[in-house]
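Let's go through the charged pairs in this one. Have a look at the model first, then we'll take the pairs one by one.

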Amino acid sequence: MTNRQNFVPDSGNTRLFRDALGQFATGVTVITAQADKGPIGMTANSFSSVSLTPPLVLWSPAKTSDRYPHFVKAKHFAIHVLRDDQAALAQDFANSGTCFDHGNWTRNAQNVPILNSCLAHFECRLVARHDAGDHDILIGHVDTASIGDGAPLLFCKGQFGQYSGLPSAD
């Protein structure tokens, strides 16, 4: 058995709480929308499915992000699930919301930037926004989705990684 530290999360131990949350491996997404000054993007691992019927998904932007106002104002957005070879793209969008100059992207009918080379993407219209502490929960109705080939990019303990348990294509 490994050492275990029990604690009550509070404002004095947010790093410890964040480290505990980091034990959960997630996929990596880039969320895009059209802002007043052009396309905007943000790397997020807070993506989740909500419902199959109707098709609903959610993600949760941090209120402290300088990109937050653009996303909560957007009526449409797209969620892109990254492939295991797209860690640099994830890092670029984590650092800058305007790094579209080196990517393969187009715009959909709602003028939302669509990254064309991702594992999957979901074109959404905002249907609900819920306050959730230092984040908001944005729920989108999926109007269009796409799926491609490959393996997902993962994030765990502050690091990008790959899932090695996928069956071979043979």
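Is arginine 15 buried or exposed? With a relative accessibility of 52%, arginine 15 is exposed, because the cut-off for that class is over 50%. Keep in mind that this is a predicted model.

Arginine 15 has a partner: aspartate 19, in a salt bridge whose closest N and O atoms are 2.8 Å apart. Both residues sit in helix H1 (residues 14-21), four residues apart, so about one helical turn separates them. Aspartate 19 is partly exposed, at 38% relative accessibility.

That's one of eight salt bridges that turn up in a search of the whole structure. Here are three of them, with their N to O distances:

| Salt bridge | N to O distance |
|---|---|
| Aspartate 19 and arginine 15 | 2.8 Å |
| Aspartate 131 and lysine 63 | 2.1 Å |
| Arginine 83 and aspartate 85 | 2.9 Å |

Now for the pair of aspartate 131 and lysine 63, whose side chains meet at 2.1 Å, N to O. Aspartate 131 is exposed at 59% relative accessibility, and lysine 63 is partly exposed at 29%.

Finally, arginine 83 pairs with aspartate 85, and aspartate 85 is exposed, with a relative accessibility of 52%.

Technical notes:
Residues numbered from 1 in each chain as written. Predicted model: local features only at pLDDT ≥ 70, side-chain atom pairs only at ≥ 80, totals over all residues. Heavy atoms only, no water. Salt bridge = Lys/Arg side-chain N within 4 Å of Asp/Glu carboxyl O. Helix = DSSP H or I, 4+ residues; strand = E, 2+ residues; numbered from the N terminus. Buried < 20%, exposed > 50% of the residue type's maximum accessible area, 1.4 Å probe, protein only.
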